[in-house]
Amino acid sequence: MDLDFSPQDVAFREEVRTFIAENYPPELREKQKSEDALSKEDYFSWHRILAKKGWATPSWPVEWGGTGWTPTQKYIWSEEQAFADTIAILPFGVSMLAPVLWTFGTQEQKERFLPRIRDAIDWWCQGYSEPGAGSDLASLKTRAERITGDDGKEYYLVNGQKTWTTLGQFADWGFFLVRTDPNVKPQAGISFLLIDMKTPGITVRPIITLEGGHEVNDVFLDNVKVPVENRVFHENQGWTCAKALLQHERSGIAGVARSKRNLERLREVSRTEPSDDAGPLLADPFFKRKVAELEIDLTALEFTELRTLAGESSGKGPGPESSILKIKGTEIQQRLTELALEAAGHYGAPYLRDVPHNLAATIGPEEAHGVAGVYFNTRKTSIYGGSNEIQRNIIAKLVLGL
Amino acid sequence: MDFSFTEEQGLLRDSVAAYLADHYDFDKRRAAVKSADGWRPEVWKAFAEDLGILGASFPEELGGLGGGPTETMVVMEEFGRALVVEPYISTVVVGGGLLRHAGTDAAKELIGGIIGGDVLTAFAWAEPQGRYSLFDLKTTARKDGAGWVLNGQKAVVVGAPWATHLIVTARTGGAQRDAQGVSVFVVPKSASGIVMRDYPTVDGRRASEVSFENVRLGPEALVGEAGAAAPLLEQVVDEAIAATCAEACGVLHKLHEGTLEYTKQRKQFGQPIAAFQVLQHRMVDMFIQVEQSVSMTYMAHIRVGEPAEERAKAISAAKVQIGRACKFVGQNAIQLHGGMGMTDEMAIGHYFKRATIIEGEFGSTDHHLRRYERLSLDKAA
């Protein structure tokens, strides 16, 4: 039991820090400070810089582009990214689909898709939820029927609707759960398909969320022809892939390093933000206490995650315990946004998304801009990736055996 | 002991509710909020002429209907249910409340304007450095012959773009945070030297950053006595908080009702999600919060006329309950709606946003908890 960093780890941290400082695009940093939506190129720009360096996919198997870093190095890596305020590498390809591909995919599928994910050539989106299948994902209805095309090749003909597809407006490809056998129990009739989003019959329609942003989408599939070789794993066994993916999704969801960074930012802001009693907000015993409680909560989460990671490196994959990380991680993320909004006082109220930049710049302190929107938007975290109620069901059933 | 409403108050509620059902459904509100002006002057006109509610809480000798805080409460609860954005509290409760105490002919004339729907006021009290403190003022009014010269900057003045007049707190004496030396002025928005930067707010209103640069005011602009407005200001703000609590009750009812309705019709795992015990208990806890909020809102309105200290204690206690309920009920309403709760399309998110802003209006939960502590516990210690 120790947490000491070796001299090599210290040197690694220095290397990472220097690399980010020297290579992070300054124009991207500027854009992050505004409330403007990032473009596809913005999202990909940092990923591509990392890919060139060989650092875009640290957790992958080395043969496909992993770095072979120790858990300590990965921990350092995520901390340094968070503390440098880099944009997050999007999870859909790198940490959701890729593990499914290297675990269940054919050699051809791995060779065809993994390098393009690593190098940020293809943008992937997730086609899981449906209007009638959210928490009860296995009840999904999007239908895929086997047909023989005019070219004599085998296809799936896909019809249905997916929803909450994050950043699907940019997607080149999507991984979809579809029903290939309606006559068996729900989990047993699902297949996992990779679909080219340019295929005729796909319509992506924006869903505007309560803070005013366009992040998620409805995806309509109308007689979409998908080559059979784009199915991962066996027909009707897609649920196995789906579950594996969800566990990876959940463990990434804790976001400890980013929360540490946001906590630091909250402390900075509340050192300058005035309290009712003229001193800084951080000197206000009520507010200070809330920040302290949150820090303690985050420390507990961090050590829970470290224990989980230690378990993973000793050969156990992420188990149902990762649901703890999802619940606590998202609760802490939400609490951080709550306190940031509270710290902003009156200046939490302005809605500056559509206000010209030069006018917005004169309205309240810059750090207050958008905090309400972030608070509203972050409510999603306890809903997505399996709601926190569902996570508790998973722990009750699979960990506690209830 | 009696918690019932009079027949007149019941009729008032019914007529407001009926009007809002016809003219203020969610789609109409959305269109108004998104329009260039962000509100509907014709609705305000109807409040004055068809419903007569702009005068409901004014005494008859001023042209009102002779009601009081309870009438305001009835109106505001309905406004909360419909998410009305028009500036009733800042005009009728704050503007009207302060002017009523001024007693001058100019003030009486303005009250006539408020009741008739021609005068709308916005309350310019907060300053960038002052957080929720009413008396932390850098804005100054300097005596200039018989009149005044106003200088300073006010933060997030809600409703200012719609107002005809601004109610401005300014220092005519004392140090930056003293209660002594605080004065209130009513300033026509057309006065020269006022610079406004308008913007929307996250809960569908419009607000401004307002600067006063050597704004010259006549003697009639002063409300009450120079430098001695603090007690009156506290009283009127407490009345405004009581009205805000009533609005919050309307918002909370809708959040809770909407959640019940949604969970009954939303099916997962072959049954309505309302059948799951964990969600039932959550909705029961939401219900308890709503009921406690209604109780505290009644309490606040019953005690709002008591001497300053008792009044302040009651109002702050109510605001603490309301603030907590807005957070708990709001967050859980979204959670139980799942992804649908996150959409701009559904009304529930708009109620959540209003509830969130109410948490901080006229002082956050912490602010009022501290005020309550000072009044109730520190004195006893």
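Trainee: Which is B:Ala207, buried or exposed?

Mentor: B:Ala207 counts as buried because it has 24 C-beta neighbours inside 10 Å. A residue is buried if 20 or more other C-beta atoms lie within 10 Å of its own, exposed if 12 or fewer, and partly exposed in between, with C-beta atoms placed from the backbone.

Trainee: What sort of model is this?

Mentor: It is a predicted model, in which local features need pLDDT of at least 70, side-chain atom pairs count only at pLDDT 80 or more, and totals for chains, interfaces and linings use all residues. Residues are numbered from 1 along each chain as its sequence is written, while chains are lettered from A and ligands numbered from 1 in the order in which they are written.

Trainee: Back to B:Ala207. Which strand is it in?

Mentor: B:Ala207 sits in strand β7 of chain B, residues 206–217. Strands (E, at least two residues) and helices (H or I, at least four) are DSSP runs, numbered from the N terminus.

Trainee: And what is B:Ala207 in contact with?

Mentor: Neighbours within four places in sequence aside, its contacts include A:Ala349 and A:Pro350 from chain A, and B:Val157 and B:Tyr199 from chain B. Contact here means C-beta atoms, placed from the backbone, within 7 Å. The C-alpha atom of B:Ala207 is also 8.9 Å from that of B:Ala155, 52 residues away along the chain.

Trainee: How many residues does each chain put into the contact between A and B?

Mentor: Chain A gives 37 residues and chain B gives 35. On the chain A side, β6 (202–208), α9 (285–313) and α12 (371–378) each supply at least two residues. The largest share, three residues, comes from α12(A).

Trainee: How do the residues on that side of chain A divide?

Mentor: Into 19 nonpolar, twelve polar and six charged. Ala, Val, Leu, Ile, Met, Phe, Trp, Tyr, Cys and Pro count as nonpolar, Asp, Glu, Lys and Arg as charged, and the others, Gly among them, as polar.

Trainee: New topic. How many helices and strands does chain A have?

Mentor: Chain A has 13 helices and eight strands. Its radius of gyration is 22 Å, close to the 21 Å from the globule rule for 402 residues, so chain A is as compact as a globular protein of that length. That radius is taken over C-alpha atoms, and the rule is 2.2 Å times the number of residues to the power 0.38. Of the 402 residues, 42% count as buried.

Trainee: Where do the domains of chain A run?

Mentor: Domain 1 covers 7–89, domain 2 covers 124–236 and domain 3 covers 253–399. The bounds come from an automatic or database domain assignment. The C-alpha centres of domain 1 and domain 3 of chain A lie 21 Å apart, and nine residues of domain 1 are in contact with twelve of domain 3. On the domain 1 side, three are nonpolar, three polar and three charged.

Trainee: Which residues of α3(A) are buried?

Mentor: They are A:Trp46, A:His47, A:Leu50 and A:Ala51. These pack against α2 (26–33) and α6 (107–118) of chain A. Just after α3(A), A:Gly54 takes a positive phi of about 90°.

Trainee: Last one: in what sense do β2 and β3 of chain B pair?

Mentor: β2 (residues 140–144) and β3 (residues 147–158) of chain B pair in the antiparallel sense over five bridges; pairing needs at least two bridges found by DSSP. B:Asp144 has B:Gly147 as its bridge partner in β3(B). The two strands form a hairpin with two residues between them, and B:Gly145 in the turn has a positive phi of about 65°.

Terms used: Two residues are in contact if their C-beta atoms, placed from the backbone, lie within 7 Å.
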